[in-house]
Amino acid sequence: MTREEFIEDLRNRVRESFAMELETATPNELFVAIGQIVRACYAKSWHNTRQRYLVNKQRQSYYFSIEFLPGRMLKSNLMSLGLLDMVRSTVEELGFEFEEVLNVENDMALGNGGLGRLASCFLDCLASRELPGNGNGIRYDYGLFKQQFVDGYQVELPDAWLKSGNVWEVRRESEAVEVRFGGNVYMQPTKDGKLKPVAENERILRAIPYDTGVVGYHNDTVNTLRLWSVEVPESEEGKYRSIEERRMVEDLTAVLYPDDSNEQGRLTRLSQEYFFVSAGIQSIVRYYKKLKMPISRINEYVAIHINDTHPALCIPEMMRILLDEFDLSWEKSWGLTVSMMSYTNHTIMQEALEKWPLQMVKYHLPRMFQIIEEIDRRFVTNLTGLYPDDLIQRTRIIQGDQIHMANLCIIGSHSTNGVAKLHSDLLKSVVLHDFYVLYPERFNNKTNGITQRRWLQQANEPLANLIDKTIGTSWRKEPTDMERLMNYCEDNEVLVAFEQAKQQNKLALAKYIEKTTNIKVQPNAIFDVQIKRLHAYKRQLLNLMHILKCYFDLKDNPEMDFVPRVWIFGAKAAPSYTYAKAIIKAINEVANLINHDPIINDRMKVVFLENYNVSLAERIIPAADVSEQISLATKEASGTSNMKLMSNGAITVATMDGANVEIRAAVGDENIYTFGLTEEEVYRYYEQGNYSAQAIYDQDPVIQRVLNAFVDGTIPNIQREGQEIFDSLLRYNDEFFLLKDFVPYCQVQAKLSQDYLNREKWQKMSLINTAKSGIFSADYTVQRYADDIWQIAPVDLHKEK
Ligand code: 26Q
């Protein structure tokens, strides 16, 4: 598309869609019109991609996830299509602010955090590597709540992201399917003497798919993210007599559950899980029928991935279709199902493993229940005599009155993977050890990754351009080529240029901070960043304790040498997670205290940015000097903000947890600040039961002063919250060992501050972090899934060929 064609198209669309002339358009109209143009640009490729897969009978993977977190799509689509520079400069020439146009777009925030963002990074990588892989999920009317601080407290507002329309989606009426809930199932003898399930009094819902194109980077692949929305089918209209009853149905795809691992089992959530699973599996089978292949070979054409246990019902649902609709035998159905399914585990925290009450499943999903019961029965029967009874009891799916979804996933799939080396090892040796005894060949690791296209190319153009200038542009397609930056570790000119790029980004963030919070921060201070969901195990509180220690040091000794620092937080707490909310309140009050203390005199600033989401992450990450990755060892399955920040040249302060371990291996000990208990030490404490937070407190006056600040009025306005935090550390013996790790944490922080003064040393560390970050590209992660788990191969759709 030429500049002239673009302007012409833009002019027409603004006129036709808004009855307006381009000259009078606002960023809103411009966003919609450009969105339409972009969509039109990839429409043909999207069709061709689907057509090619169909004609080739391409084996495809389907990534089932109850969360997807793509963020904004205008800039990324423009970049993938190679139109970004032209469109940006044209829009600016027309007298508009391009940034403003981009900011019109609502984040697509159909996810809570890491797991949902990983799903979106993976889709981007599948398309960019020309791999035939699709997403399947829920089109929530409301995404993750918007966070506001009122009086330092988190307040949740609804995210009505669809209110102003969604240019990227296509409603596919003709591909709607029915999903059935409730009723009774009984077995009826057939003519040939078999038993067939017959259902009566079911509630039938209509699932409508909305498809979004996933545009590959500089290729002609456009894959599909299919999200399902619920409707009442016309045939059922009469059955819903009251408005409330109807509302119940429509609520099914209304909101995303904002609960991150503090589970409260809810019927709507279970219904959501079955709804998108059933719709997705039916849609896959319907597509497969078009291939005119025998059902007995479906596993040669279909790979289904279960992202955490939320889509676990994929397994019994596939069984239902093969048994009830295709009349296959149990054995045949089971063989096909297991060979199609694979599962990723994202947590080792026992309390976060999903379980459902047996009665709830039996009553609302009776056929699913029957099938799960039969899977469980056969599992027990087949293993009895071969393995110890207690091992069988610990691994079976139905235990007491609960259904263990992780057990279902492992038993019903051919692959179970963790998301970082340490995490996968812990699954084998501790958390899922019993299963590892049963199925050692099913276990594997796939360390998470991120897409540098969004997190570096798009979010950090100054750095991306500089990398181009230094080593050429090949890293944009082959992220490990960034390793070539290692040749410039000692090149002063390059180091200075990198420093300037960081400075430019810090300036931009400082502006944003001032605009949104009224806090002025110095761009030459250390920008120290912790951005992730608020969770006790992630230990934002440890960060806050260190901040308080610095504050007291300065108060005691105002003349001391102190390297200025700005602490930047971004975090949402699950609305029902009172402890996490108490920590938010405490951080906000400490911020207030420190930011306004004249003695501190701008040497410390604490900034908690509201409503952390993907687009805010894109602003913060390029400006970070320091990346806080300080979860208690063994608790963070992988982490992915650690990778994004590293890629942008931030230096990590890290515990030996999740993917931090692999980051250290990549950059070397001298280019990361590690501290804290190791996995072995944590488990030793658990075994010996001899951890005493009180003993540590009693012996350390600094810790006493820091903790007392929460309850003695030093931090104002946190009576209840301060007490809750204080109690969690002392009365309840500090579940996540903050006190134990506090001193070593402060030590590495002090070292870091000193190192920051040595600009050359720091800049070299920063460069090395970027240089070594290519291995954490999700392009490679996805390739490993494609090779080892899904067995899918690239399809070259490039125009020239
Ligand atoms: C549970 C019950 C009810 C409703 C919701 C939920 C729920 C919601 C979200 C349970 C879990 C989640 C999200 C988990 C998650 O994001 N885990 C993170 O996954 C990342 C990608 O693998 C890892 O990098 C992180 O370490 C892991 O915490």
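This is a predicted model: local features need pLDDT of at least 70, side-chain atom pairs count only at pLDDT 80 or more; totals for chains, interfaces and linings use all residues.
Helix α4 itself covers residues 84-93, and its buried residues are L84, M86, V87, T90 and V91.

An α-helix has 3.6 residues a turn, so residues three or four places apart point the same way. With that in mind, look at V87, T90 and V91 in the structure, which are among the buried residues of α4. What comes after the helix? α4 is followed by G95, and the phi of G95 is positive, near 95°.

## Strand β14, covered on both faces

Now hop over to strand β14, which spans residues 341-344. Are its faces covered or open? Both faces are covered. M341 and Y343 sit on one side, S342 and T344 on the other, and all of these are buried.

β14 also has partner strands to look at. Strand β13 (residues 302-307) pairs with β14 in the parallel sense, over four bridges. To spot this pairing, find N307, which stands opposite T344 in β14. Strand β18 (residues 416-418) also runs parallel to β14, and two bridges join them.

## A three-stranded open sheet

Further along, three strands make an open sheet in the order β15-β17-β16, with antiparallel pairing. Why is one side of β15 and of β16 left without a neighbour in the sheet? β15 (355-357) and β16 (398-399) stand at the edges and each has a single partner strand, so there is no sheet neighbour on one side of each.

Take a look at how β16 is attached: two bridges join β16 to β17 (residues 402-404), and the two strands run antiparallel. Across this pairing, I398 stands opposite I403 in β17.

## Where α20 crosses α29

Last stop: a pair of helices. The axes of α20 (residues 540-556) and α29 (residues 738-757) come within 10 Å and cross at roughly 55°. The two helices are therefore oblique to each other, and their crossing is right-handed.

Which residues make the contact? On α20, they are L541, L542, N543, M545, H546 and K549. On α29, they are L738, L739, D741, F742, Y745, C746 and Q749. Sorted by class, the contact between α20 and α29 has eight nonpolar, three polar and two charged residues.

Methods
Residues are numbered from 1 along each chain as its sequence is written. Side-chain values use heavy atoms; hydrogens and water are left out. Two strands pair if DSSP finds at least two bridges between them. Buried means under 20% relative accessible area, exposed over 50%, partly exposed in between (1.4 Å probe, protein chains only). Axes are lines fitted to C-alpha atoms, for helices over the stretch in contact, and angles run from 0 to 180 degrees between N-to-C directions. Angles under 35 degrees count as roughly parallel, over 145 as roughly antiparallel, 65 to 115 as roughly perpendicular and the rest as oblique. A crossing is left-handed if the near helix is turned anticlockwise from the far one by less than a right angle, and right-handed if clockwise. Contact means heavy atoms within 4.5 Å. Ala, Val, Leu, Ile, Met, Phe, Trp, Tyr, Cys and Pro count as nonpolar, Asp, Glu, Lys and Arg as charged, and the others, Gly among them, as polar.
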